[in-house]
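Open the model in your viewer and keep the selection panel at hand. The tour moves from stop to stop.

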Amino acid sequence: MSTESTLRAVTTYRLSEMKQRGEKIAMLTSYDYSMARILDAAGIDVILVGDSAANVMAGFETTVPITLDNMIYHGRSVARAVKRALVVVDLPFGTYQGNSKEALASAVRIMKETEADAVKLEGGEEVMESVQRILSAGIPIMGHLGLTPQSIHKYGTYSVRAKEEAEAEKLVRDAYLLEEAGCFALVLEKIPAVLGARVASELHIPVIGIGAGNGVDGQVLVAHDMLGITNEFSPRFLRRYADLHSVMTEAFSHYVSDVKGGDFPSDKEQY
Ligand code: KIV
């Protein structure tokens, strides 16, 4: 019998230890093998196979159209690449709301077919039955509150959430419900920094923010946004670490002119 562990180095347990000792958690998205390898080697703690793949990979305006089969394809590509980071795959819209048995079946498919470590889903009280059923099967869940893009048609805007007291109090209640149910972590998207800090200080599980300020336990961004591959999306919370849109455009144009001018391939680039 082999004693070698098949678990990745970052586990849900390690994340909880990181919170306890005040070590911030770094999380980014990936949808494919090549990007996931680079992220993992760079020391990222958590890789999210986000349903933002609907926007970034497929060009849809919202995350609503992406399917479970699509997410499994992306999840499997990422999980195959990753040795260290925890891999979390989003349950897409329509696969867990309303019917907890279907929710469990969706989560089981993700775990078996992708070999990821956990799933993420959006919402609190409304999806609690699904959360409990998935957790009862031993599948770790990362919650997601605040701006929940799968509900975009309900709200009609991507503006900052929970600015009013009633919405903020519901968010705090939902955060407690998710923690009490047994979720291992929580994403808070686009909410006031004070609220993000309050939730992170009251909860025991790690709280990872995207536009939720600096008082939370970690940060997540969409990799294509922080790399500047997408350049039409500039919310205040986004820090761009590169301008790959320009770098790639220049490289592609250079290639086009080399091919058209007969410059590529050179003598050294042929057999
Ligand atoms: O799908 C996604 O990329 C996400 C992040 C924005 C947290 O859910």
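Rings of Phe, Tyr and Trp (its six-membered ring) form a pair if their centres lie within 6.5 Å; planes under 30 degrees apart are stacked, those over 60 edge-to-face, and the rest tilted. Searching the whole structure by that rule gives 1 aromatic pair.

Some ground rules. This model is predicted, so to speak of local features pLDDT must be at least 70, and side-chain atom pairs count only at pLDDT 80 or more, while totals for chains, interfaces and linings use all residues. Numbering runs from 1 along each chain as its sequence is written, and side-chain values use heavy atoms, with hydrogens and water left out.

**Stop 1: the domains.** Colour the protein chain by domain: domain 1 covers 3–240 and domain 2 covers 246–271. These bounds come from an automatic or database domain assignment. Over C-alpha atoms, the two domain centres are 40 Å apart.

**Stop 2: the ligand.** You get Thr29, Leu48, Gly50, Asp51, Ser52, Asp90, Lys120, His144, Glu189, Ile210 and Val222. That shell has 3 nonpolar, 4 polar and 4 charged residues. Here Asp, Glu, Lys and Arg count as charged; Ala, Val, Leu, Ile, Met, Phe, Trp, Tyr, Cys and Pro as nonpolar; the others, Gly among them, as polar.

The ligand alone exposes 260 Å², and the protein buries 95% of that. The areas are Shrake-Rupley values with a 1.4 Å probe.

**Stop 3: a charge over a ring.** Select arginine 161 and tyrosine 155. The arginine lies over the tyrosine face, 4.5 Å from the ring centre. The test asks for NZ of Lys or CZ of Arg within 6 Å of the ring centre and within 35 degrees of the ring normal.

Stop 4: Go to alanine 162, in the loop between α7 (152–155) and α8 (165–181). Its phi is positive, near 60°, in a residue other than glycine. Helices are DSSP runs (H or I) of at least four residues, numbered from the N terminus. Finish at proline 265, in the segment after α11 (244–260). A cis peptide bond joins it to phenylalanine 264, with omega about 0°.

Conventions. Near = heavy atom within 4 Å. Helix = DSSP H or I, 4+ residues; strand = E, 2+ residues; numbered from the N terminus.
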